[in-house]
Amino acid sequence: EEEFKWLLQKEVHAVLKQLQDILKEASHRFALPASGSGGAIKQENFVLSTSGTDQVKGVLTLQGDALCQADINLKMPRNNQLLHFAFREDKQWKLQQIQDARNHVNQAIYLLMNRDVNYQFKTGSEVLKLMDAVMLQLSRARNRLTTPATLTLPEIASSGLTKMFTPAMPPDILVNFYINLNKLCLTVYQLHVLQPSTTKNFRPAGGSILHNPGAMFEFGNQRYEVSHVHKVECVVPWLNDALVFFTVSLQLCQQLKDKISVFSSYWNYRPY
């Protein structure tokens with residue numbers, strides 16, 4: 001019983017402090033303040049690439065959770081014509097996945113800081129409840145980075161991203177940016193118009209992270225089919241750091257839960 005009291009009064013607070021420190025490091029990765037600039041968020045340039053194709057090349061500039069510049073070269077397979085697109089100077093594209101992940105991390109930090117060091121945990125159940133709440137936020141943060149949104153092709157067409165570029169993108173090209181683990185990905189879809197006289201059975205594609213050639217959809221009273229798909233990506237090192245911090249934090253939470261559960265069952269302190 002004395003051991004259990006020590007666990008509740010001392011070790012729990014030590015783990016909470018450790019978790020706070022790790023998650024503050026994770027939060028700093030998302031904020032990315034430039035050193036000595038009074039908290040301004042620095043810009044980072046990334047070169048998009050993929051093995052086996054040079055159809056799409058580009059440079060992206062990331063500033064925290066916003067793509068503030070994108071410079072893309074696209075080689076059209078039909079005629080080897082080279083197209084160049086860049087973000088308009090007055091535009092930037094918010095990456096909702098990064099924003100959401102950071103919000104979940106900050107929520108986890110808030111839960112951990114809600115009790116000061118003098119707070120006395122009375123039962124194992126109370127600690128388990130706190131760990132579950134923190135783990136829920138951390139799992140959500142990780143899932144936002146590891147699981148991109150599934151979108152239909154009309155949703156991609158109407159997302160507003162195509163209107164970000166100068167010169168304006170032709171109607172037979174769609175683009176989508178998303179985060180997948182520690183990578184920033186760009187998918188370019190080249191389309192061809194399905195004529196009303198076509199004998200193809202029209203089957204609109206559902207939601208997907210990545211649509212394959214042959215996927216069909218209707219947009220603006222016009223039917224299209226995806227003819228080519230190009231995916232290029234770049235590794236964002238600080239996203240990798242954040243994912244490692246999430247994994248370590250979740251393990252710490254689970255270890256504390258396991259200790260509490262052992263004592264709770266031994267001393268008949270039921271967790272729930």
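Residues are classed by relative accessible area as buried (under 20%), exposed (over 50%) or partly exposed (in between), with a 1.4 Å probe and protein chains only. By this scheme C68, at 11% relative accessibility, counts as buried. The model is predicted, so local features need pLDDT of at least 70 and side-chain atom pairs count only at pLDDT 80 or more, while totals for chains, interfaces and linings use all residues. Residues are numbered from 1 along each chain as its sequence is written, and side-chain values use heavy atoms, with hydrogens and water left out.

The protein contains five helices and 10 strands, where helices (H or I, at least four residues) and strands (E, at least two) are DSSP runs numbered from the N terminus. Its radius of gyration is 24 Å, well over the 19 Å that the globule rule gives for 272 residues, so the protein is more spread out than a compact globule. The radius is taken over C-alpha atoms, and the rule is 2.2 Å times the number of residues to the power 0.38. Along the principal axes, the C-alpha atoms fill a box of roughly 80 × 50 × 30 Å.

Of the 272 residues, 43% count as buried. The protein exposes about 14,200 Å², of which carbon and sulfur atoms supply 50%; accessible areas come from the Shrake-Rupley method with a 1.4 Å probe, and for residues only the protein chains shown count as cover. Among contacts (heavy atoms within 4.5 Å) with a separation of 6 or more, 66% are between residues 24 or more positions apart. The protein has 28 positive and 23 negative charges, and their mean positions are 3 Å apart. Lys and Arg count as positive and Asp and Glu as negative, without His and the chain ends; the place of a charge is taken as NZ of Lys, CZ of Arg, CG of Asp or CD of Glu.

The structure holds zero disulfides, a disulfide being a pair of cysteine sulfur atoms within 2.5 Å. For C68, the closest cysteine sulfur is that of C234, at 13 Å, which is too far for a bond. For C234, the closest cysteine sulfur belongs to C185, at 7.8 Å, also too far for a bond. C234 counts as buried, with 5% relative accessibility.

K17 lies in helix α1 (residues 2-31) and counts as partly exposed at 46% relative accessibility. Q137 is part of helix α3 (residues 124-146). At 12% relative accessibility, Q137 counts as buried; apart from residues up to four places away in sequence, Q137 touches H104, Q107, A108 and L111. T123 is placed in the loop between α2 (96-113) and α3 and is partly exposed, with a relative accessible area of 34%. A distance of 26 Å separates the C-alpha atoms of T123 and H104, which are 19 residues apart along the chain.

Backbone geometry was considered next. Most residues other than glycine have a negative phi, and most peptide bonds are trans. The peptide bond from T166 to P167 is cis, with omega near -5°, and P167 lies in the loop between β6 (165-166) and β7 (173-180). L181 is not a glycine, yet has a positive phi of about 60°. L181 is located in the loop between β7 and β8 and counts as partly exposed at 42% relative accessibility. N221, likewise not a glycine, has a positive phi of about 60°. The loop between β9 and β10 (222-235) holds N221, which counts as exposed at 78% relative accessibility.

The loop between β8 (183-193) and β9 (216-219) includes P196. P196 is exposed, with a relative accessible area of 81%. From C-alpha to C-alpha, P196 and E155 are 23 Å apart in space, and 41 residues apart in sequence.
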